[in-house]
Amino acid sequence: MQDMVEALKNDSTRPRTSTASTASPPAVSKKNDPDQPKGHKVIDLPAHLIRVLIGKAGSTIREVISRTGSDIKVNHLPHEPHGSISVVGDIAKTEAVIQEVFRARGCKWSPTGAPLAEQSQEDVPISADLVGLFIGKGGETIKDLRERCGGQVSITIQPASTPGGMQGVRVVGDNWKLAKALVRAKIEELMMSKSFKQSG
């Protein structure tokens with residue numbers, strides 16, 4: 001009789017243990033799969049946009065990674081005019097967040113790259129004869145403007161669309177509105193100084 005009771009106990013407990021151990025892992029796996037869309041895309045970017053995306057000490061790109069859950073790697077050599085980023089994860093969400101980050105810092109960009117040509121409309125015009133004075137010895141004037149703005153800001157001189165024509169100063173990054181205002185003020189200061197010397 002005692003042997004029969006022990007046998008019944010073993011039979012009743014064995015299926016429960018087996019069911020618990022086999023049922024739980026598939027449930028976890030199925031739940032997580034839809035939340036982890038995976039894709040891979042390489043996005044080509046000009047150097048100034050890569051610098052904006054990285055941000056000061058990598059703060060901006062860490063923010064994008066945190067918000068999207070994607071893996072983002074930067075492929076860019078110093079002083080190269082262009083580079084790329086490699087994105088693994090939710091591509092659509094990552095591109096949307098990157099576009100939002102760029103827009104907040106005065107950059108026009110979309111995944112297709114088409115709006116980049118419109119950026120020239122926002123450049124601050126400068127005559128070719130003032131470019132050297134604006135840059136300063138060893139780039140000291142531009143460095144001073146960057147320091148006054150704080151954060152990560154890019155100030156670059158764009159070539160003239162026609163020989164001898166007006167050039168442009170492109171400003172993007174953190175505090176870009178302040179930086180652009182400072183650039184305009186500096187150009188006006190140089191123009192006044194030049195006019196004063198000519199009249200004297």
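Start by selecting Ile91, Thr94, Glu95, Val97, Ile98, Val101 and Phe102: in helix H4, these are the buried residues. Look down the helix axis and you'll see why they belong together: they span an arc of only 165° around it, which puts them on the same side of H4. Keep in mind that you're looking at a predicted model.

Now show the whole of H4, residues 91-104. Its 14 residues reach 20 Å from the first C-alpha to the last, close to the 20 Å expected at 1.5 Å a residue.

What covers that buried side? Bring up strand E1 (40-46), helix H2 (47-54), helix H3 (59-68), strand E2 (71-75) and strand E3 (82-88), which are included in the cover over the buried residues of H4.

Just after H4, click on Gly106, where phi is positive, at about 80°.

Last stop: the rings. How many aromatic pairs does a search of the whole structure find? It turns up one. Select Phe102 and Trp109: their ring centres are 5.6 Å apart and their planes lie at 80°, so this pair is edge-to-face. Phe102 and Trp109 are both buried, and you've already had Phe102 on screen among the buried residues of H4.

Note on methods:
Residues are numbered from 1 along each chain as its sequence is written. This is a predicted model: local features need pLDDT of at least 70, side-chain atom pairs count only at pLDDT 80 or more; totals for chains, interfaces and linings use all residues. Side-chain values use heavy atoms; hydrogens and water are left out. Helices (H or I, at least four residues) and strands (E, at least two) are DSSP runs, numbered from the N terminus. The expected span of a helix is 1.5 Å times one less than its number of residues. Buried means under 20% relative accessible area, exposed over 50%, partly exposed in between (1.4 Å probe, protein chains only). The arc is that of the directions from the helix axis to the C-beta atoms. Contact means heavy atoms within 4.5 Å. Rings of Phe, Tyr and Trp (its six-membered ring) pair if their centres lie within 6.5 Å; planes under 30 degrees apart count as stacked, over 60 as edge-to-face and the rest as tilted.
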